[in-house]
Amino acid sequence: MMKILLILVIFVLEFELYFMGSEARHQKESSANNVDLTTEDKNEESLIGLIKEVLAQKGGTAVLPCKLTDPSAGIVTWVRRRDRQLLTVGATTHSVDLRFMIRPSNTDWTLLIHKVTLEDAGLYECQVATHPVQQNFARLRITEAYSEIPGAPDLHVKQGSSLRLECELMSATEAPLYVFWYRQGRMINYDSEPGVQVELTKSGSVLLVHNTKLTHGGNYTCAPSNAKPAYVMVHVIEEEEKPAAMHGGDRRNLSSAILASNFLMSFLAAVSWRIPTFTSLYPT
């Protein structure tokens, strides 16, 4: 008996949606030259109640709530307003697109949209078969997450110092499952290189390099699982060679040696005029 009732409900909904969709298309075609708003925008003007704003990122999961005032209410259906597509009936996915799923509870029949695309943006309606019919609306907006590395595109670090690269996710609604780091196209997350450490954070990832060497220079890439990658070129500045006296030598000994040398040169210059020449001793 329940199966027959469910089939009848689906049939009635399909017929109603088809009729309303045909009427909307006819109105759009008849007034195509005088339309300033889209069909969806016009329909929103006649909606009763608040529209829940939902933000999801491309490739993630959108969560559209449908609150119930009566836990024992009738069958709950979800409809995409743009094309009057019936998505779910009760806990069953009616659409051929299996990305749409229902997460039912006593007070909320949430619509889940997995692997969201930009085309999924728009207005959705949740209908509850009560008298009168209860309607809930949700507007889905899609954002494309990307990552940034502060200091990019070029970062200079001295040889022997510490290098810290942070990969920050921007416009993201979900934390990444992983963030892979690459140096010159080679993944370094799982390398056993001493002094190199990768930490996953709530908003991205951090790469730490202790005692930076010349070999640590190059192009670094951070690639989150759910966002566009970011790049930075790291330049390691080689430490210049210093005179031996600047590497811990005794400056007092150096000063004494310089003074003795200067005294000797002055003494020789002072007495050189007193020494008779060879010709003065043995005149010809």
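Me: Are C167 and C222 buried or exposed?
Reply: The model is predicted. A residue counts as buried under 20% relative accessible area and as exposed over 50%. By that cut-off, C167 and C222 are both buried.

Me: Which parts of the chain does the disulfide of C167 and C222 tie together, and how many residues apart are they?
Reply: The sulfur atoms of C167 and C222 are 2.2 Å from each other, and a pair counts as a disulfide within 2.5 Å. C167 belongs to strand β12 (residues 163-170) and C222 to strand β17 (residues 218-224), so the bond ties together parts whose separation in sequence is 55 residues.

Me: Is the link of C167 and C222 left-handed or right-handed?
Reply: The angle about the S-S bond is 65 degrees. This makes the link of C167 and C222 right-handed.

Me: How many disulfides does the whole structure hold, and what is the pairing of the bonded cysteines?
Reply: Besides the bond between C167 and C222, a disulfide joins C66 to C126, with an S to S distance of 1.8 Å. A search of the whole structure gives two disulfides. With the bonded cysteines numbered in sequence order, the pairing is 1-2, 3-4.

Me: Where do C66 and C126 lie, and how many residues apart are they?
Reply: C66 sits in the loop between β2 (62-64) and β3 (76-80), while C126 is in strand β8 (residues 122-128). Both cysteines are buried, and the link is left-handed, with -65 degrees about the S-S bond. The pair links distant parts of the chain, 60 residues apart.

Me: Which strands stand at the edges of the open sheet of five strands?
Reply: The order in this sheet is β11-β18-β17-β13-β14, with mixed pairing. Two of its strands have a single partner strand each, so one side of each has no neighbour in the sheet; these are β11 (154-158) and β14 (186-187).

Me: What is the angle between the planes of the aromatic pair Y178 and F180?
Reply: The structure holds one aromatic pair. Its rings, from Y178 and F180, lie 4.4 Å centre to centre and are stacked. Y178 is partly exposed, at 37% relative accessibility. Planes under 30 degrees apart count as stacked, and for Y178 and F180 the angle is 25 degrees.

Me: How many residues does the largest nonpolar core have?
Reply: Residues with the most contacts inside this core are L64, W78, L111, I113, Y124 and L140. Elements giving two or more residues to the core include β1 (51-57), β7 (110-113) and β9 (134-143). L111 touches, among others, L64, W78 and Y124, leaving aside residues up to four places away in sequence. The size of the largest nonpolar core is 22 residues.

Me: How many residues are in the other core, apart from that one?
Reply: Among the members of this other core are C167, L207, A230 and V236.

Me: What share of the residues of the protein counts as buried?
Reply: The secondary structure comes to four helices and 18 strands. The protein exposes about 18900 Å², of which carbon and sulfur atoms supply 59%. Of its 284 residues, the buried share is 31%.

Conventions. Residues are numbered from 1 along each chain as its sequence is written. This is a predicted model: local features need pLDDT of at least 70, side-chain atom pairs count only at pLDDT 80 or more; totals for chains, interfaces and linings use all residues. Side-chain values use heavy atoms; hydrogens and water are left out. Buried means under 20% relative accessible area, exposed over 50%, partly exposed in between (1.4 Å probe, protein chains only). Accessible areas come from the Shrake-Rupley method with a 1.4 Å probe; for residues, only the protein chains shown count as cover. Two strands pair if DSSP finds at least two bridges between them. Rings of Phe, Tyr and Trp (its six-membered ring) pair if their centres lie within 6.5 Å; planes under 30 degrees apart count as stacked, over 60 as edge-to-face and the rest as tilted. A nonpolar core is a set of buried Ala, Val, Leu, Ile, Met, Phe, Trp, Tyr and Cys residues joined through side-chain atoms within 4.5 Å. Contact means heavy atoms within 4.5 Å.
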